[in-house]
Amino acid sequence: MSCILHIETSTSVCSVAVSEDSHCIWHEEDHSGPNHAERLGSMVDEALSFTDNHAIPFDAVAVSCGPGSYTGLRIGVSMAKGICYGRDLKLIGVPTLELLCVPVLLRNEEIEENALLCPMLDARRMEVYAALYDRALHEIRPVAADVVDAETYKQWLDERPVYFFGNGAKKCMEVINHPNAHYIDGIEPIAKWMQPLAEKRLLNGQTEDVAYFVPYYLKDFVALKPKKLL
């Protein structure tokens, strides 16, 4: 199978994990605030020391690629790319909103089979980054920046249950008044949940170009610029 280092810095939580053969074998989380520049380096050092001491070779580094905090994503992606260069490893980008769905699917067996999952990341005021997935994590509606009101998700809510979660969801539930709208509290993007998404991408050969990989919010910019200017 594979051994993957996972890095997640898209919100105020900083976390690092190591998975081997579909199991999380080491992880650390810091919920004390947006202090990724201070904490990420030491957490990664501990993860690398753990694997080196156990003679476990890495196959890849997975990093949450957004949307999310601009500063947090820059720190996480920079760290991931540096490790890939230094150890000649493959790089895997994991969408943050897709990652948010993993603990929901693992913890909530009562979610209806036809339900949709709507992870949300706060973008200030009544704006969020959100997407819609079914229970198989097929993308029903791609990531978008939404200004949320009572009508924003009505077309899907009229058809089936929709579960909202993430750090942008609580404020939205104040205006989404629909019997099919459900809110799940306490869901955060954490590195230890990245394993199934990262392993699937690695198995399918969905790795990134280490030189030109960028977080979510810079993808359009990179697409428009010739590589010689980057």
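Biologist: What joins the side chains of E28 and R39?

Modeller: A polar contact of 2.8 Å does. The term is used for a pair of N or O atoms within 3.5 Å; within protein, one must be able to donate a hydrogen and the other to accept it, and residues adjacent in sequence count only if both atoms are side-chain atoms. Before going on, note that this is a predicted model, where local features need pLDDT of at least 70 and side-chain atom pairs count only at pLDDT 80 or more, while totals for chains, interfaces and linings use all residues. Residues are numbered from 1 along each chain as its sequence is written, and side-chain values use heavy atoms, with hydrogens and water left out.

Biologist: Why is E28 called buried?

Modeller: Because its relative accessibility is 18%, and buried means under 20% relative accessible area, exposed over 50%, partly exposed in between (1.4 Å probe, protein chains only). E28 is found in strand β3, residues 23–30; helices (H or I, at least four residues) and strands (E, at least two) are DSSP runs, numbered from the N terminus.

Biologist: Which residues does E28 touch, not counting residues up to four places away in sequence?

Modeller: They are C14, S15, V16, R39, M43 and E46. Contact means heavy atoms within 4.5 Å.

Biologist: C14 is a cysteine. How do you know how many disulfides there are by this rule?

Modeller: A disulfide is a pair of cysteine sulfur atoms within 2.5 Å. The closest cysteine sulfur to that of C14 is in C24, 15 Å away, so it is too far for a bond. For C24, the closest is in C3, at 10 Å, which is also too far for a bond. The count comes to zero disulfides.

Biologist: Are C14 and C24 buried or partly exposed?

Modeller: C14 has 0% relative accessibility, so it counts as buried. C24 has a relative accessible area of 38%, so it is partly exposed.

Biologist: What makes R124 stand out in its backbone?

Modeller: R124 has a positive phi of about 80° although it is not a glycine. It lies in the loop between β6 (116–122) and β7 (127–133). At 65% relative accessibility, R124 counts as exposed.

Biologist: What is the phi of L137, and where is the residue placed?

Modeller: L137 has a positive phi of about 65°, again without being a glycine. Its place is in the loop between β7 and β8 (139–147). With a relative accessible area of 19%, L137 is buried.

Biologist: Which element gives the largest share of the lining of the second largest pocket?

Modeller: That is α6, with three residues.
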